[in-house]
Amino acid sequence: MNYEETLAYLYTQLPMFQRVGAAAHTKSLANIEALMQAMGNPERQFRSVHVAGTNGKGSSSHWLAAVLQAAGYRVGLYTSPHLREFTERVKLNGQELPADYLVEWVARWRPLFEELKPSFFEMTVALAFQYFAEQQVDIAIIEVGLGGRLDSTNIITPLVSLITNISFDHMALLGNTLPEIAAEKAGIIKPGVPAIISQHQPEVAHVFRRKAAAEGASLVFAADEYAVELVREPTFDEEEQQVRVVRYPAGGSAEYTLGLVGDYQRLNLPGVLATVEELRRQGFAISDEALQTGLREVRQLTGLQGRWTILGRRPLIICDTGHNEAGLGLVMAQLARVPRRELHLVLGTVNDKDVPHMLAQLPTEATYYFCQASIPRALPAPELAAQATAAGLHGSTFGTVPEAVQAARAAAHADDVIFIGGSTFVVAEIPEL
């Protein structure tokens, strides 16, 4: 098979969560363990950082990879889902997995896939782990796909575990309360492995304390040790933000330029800084200069896209992959401060989200362009429009994301703002991305 045929095989033969949802979710580590054993247990052949959380785990993973790259290390990065191209999921020092490696790897292991029938996600985890082992990375940053306890990535024993945030998402699979969801995320905490929690959320802190105590793992709530404040409010079209970080209880402060401008990135930063500090304690040579460079140049070093990304000016066009109640709420609060004449909002989501609570975060004074991504799991645009209308949001319905974006661009004046989001998969189909 060539590259396109290989992708077609993977997408059609292996159950894929981003396309079909819960039916592709495996509630066991048995398959990934069998894959790893057949491949010689590559997950034991490299050092790693494991990153979980409802929101912020992708940005935090990219920041950590960028900082370690800036420090001169050979860094693997595994994230999901991809935006444009499958190979985005597996990177080495910011370079995507070579297409020919994927073709050869799938051809080699296809008989094993036919025997074990893994999910798409189990296959991609196995791919990443074998690639990182073969490439002899110094360290790999591994982002959890969904949850933590039963996620296929949870067969690693990392140097440190980072959990960014607990919010409502994937409740049908993870639980209906924040402590239940936190317990699934806390499943990545391993015996004796330091655990860092980016935010201190009182309603779930006890879950992490209990799990860490049971595993004999040290526990740090990073927000209690690092206070992040803006040096100045960035202008609406800036692509960097300057922050001052005060360290408690030792005192002292440092200023950083962040290459990610979403307000929510200031919630992610303490966890990243605490993780860097833990890696330093474990012998990694990460200078302050490398830390500064990684935080500032994360997009260039890792290729991160879709987090409060400016796609155009006059009209200002912004996209963001926030896709649940908490994530959208933070993005909308930031959007409300952007000067504009009128707001145009291109919106789509998937059928397993808590749509009413998501819609409650959105402004009623915007013109909406309801659409659906080209995946089976997408919520049909007419259904989204009907629920939005009931919530007091009004606009038009479009069959595809590009059609909705084109309509918004045609209707917008130069001093208007267009926002595109609601789903990672909507952002992935923006023509300008």
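Which residues in α10 meet which residues in α11? The legends below take up this contact and several other close-up views. The model is predicted: local features need pLDDT of at least 70 and side-chain atom pairs count only at pLDDT 80 or more, whereas totals for chains, interfaces and linings use all residues. Residues are numbered from 1 along each chain as its sequence is written, and side-chain values use heavy atoms, with hydrogens and water left out.

**View 1. Contact of helices α10 and α11.** L269, V272, L273, V276 and R280 of α10 meet D288, L291 and L295 of α11, where contact means heavy atoms within 4.5 Å. By class, this contact has six nonpolar, no polar and two charged residues. Ala, Val, Leu, Ile, Met, Phe, Trp, Tyr, Cys and Pro count as nonpolar, Asp, Glu, Lys and Arg as charged, and the others, Gly among them, as polar. The axes of α10 (residues 265–281) and α11 (residues 288–296) come within 12 Å and cross at roughly 145°. Axes are lines fitted to C-alpha atoms, for helices over the stretch in contact, and angles run from 0 to 180 degrees between N-to-C directions. Helices (H or I, at least four residues) and strands (E, at least two) are DSSP runs, numbered from the N terminus. The crossing of α10 and α11 is right-handed; a crossing is right-handed if the near helix is turned clockwise from the far one by less than a right angle, and left-handed if anticlockwise.

**View 2. Packing of helices α3 and α6.** Helix α3 (residues 30–38) packs against helix α6 (residues 120–134) at an angle of about 35°, and their axes are 10 Å apart. The two helices cross in the right-handed sense. From α3, N31, I32, L35 and M36 make the contact, and from α6, E122, V125, A126 and F129. Six of the residues in the contact of α3 with α6 are nonpolar, one is polar and one is charged.

**View 3. Packing of helices α8 and α9.** With axes 9 Å apart, helix α8 (residues 178–185) and helix α9 (residues 202–215) pack at an angle of about 35°. Their crossing is right-handed. L178, P179, A182 and A183 of α8 meet E203, V204, H206, V207 and F208 of α9. The contact of α8 with α9 comprises seven nonpolar residues, one polar and one charged.

View 4. Strand β9 (residues 226–230) runs antiparallel to strand β10 (residues 241–247), and five bridges join them; two strands pair if DSSP finds at least two bridges between them. Opposite Y226 stands R247 in β10. Strand β10 also pairs with strand β11 (residues 253–258), in the antiparallel sense over six bridges, and V245 stands opposite A254 in β11. The hairpin of β10 and β11 has five residues between the strands, and G251 in the turn has a positive phi of about 85°.

**View 5. The six-stranded open sheet.** The strands follow the order β12-β13-β17-β14-β15-β16, with mixed pairing. β12 and β16 (394–397) are the edge strands, each pairing on one side only. From one strand to the next, the twist averages 25°. Strands β14 and β17 run parallel and are joined by five bridges, with V417 in β17 as the bridge partner of L343. Helix α16 (residues 401–411) lies across β13, β14, β15 and β17, running at about 175° to β14.

**View 6. Strand β13 and its surroundings.** Strand β13 (residues 316–319) is covered on both faces: L316 and I318 on one side, and I317 and C319 on the other, are all buried. Buried means under 20% relative accessible area, exposed over 50%, and partly exposed in between, with a 1.4 Å probe and protein chains only. Strand β12 (residues 309–312) pairs with β13 in the antiparallel sense over three bridges, and G312 stands opposite I317. In the hairpin of these strands, which has three residues between them, R314 takes a positive phi near 55°. Strand β17 (residues 417–421) pairs with β13 in the parallel sense over four bridges, and I418 is the bridge partner of I317 in β17. In helix α13 (residues 325–335), the buried residues include L328, V331, M332 and L335. The buried residues of α13 pack against β13, β14 (343–347), α14 (355–359) and β17.

**View 7. The surroundings of R377.** R377 is placed in the loop between β15 (367–370) and α15 (381–390). This residue is buried, with a relative accessible area of 4%. A polar contact of 3.1 Å joins the side chains of R377 and D352. A polar contact is a pair of N or O atoms within 3.5 Å; within protein, one must be able to donate a hydrogen and the other to accept it, and residues adjacent in sequence count only if both atoms are side-chain atoms.
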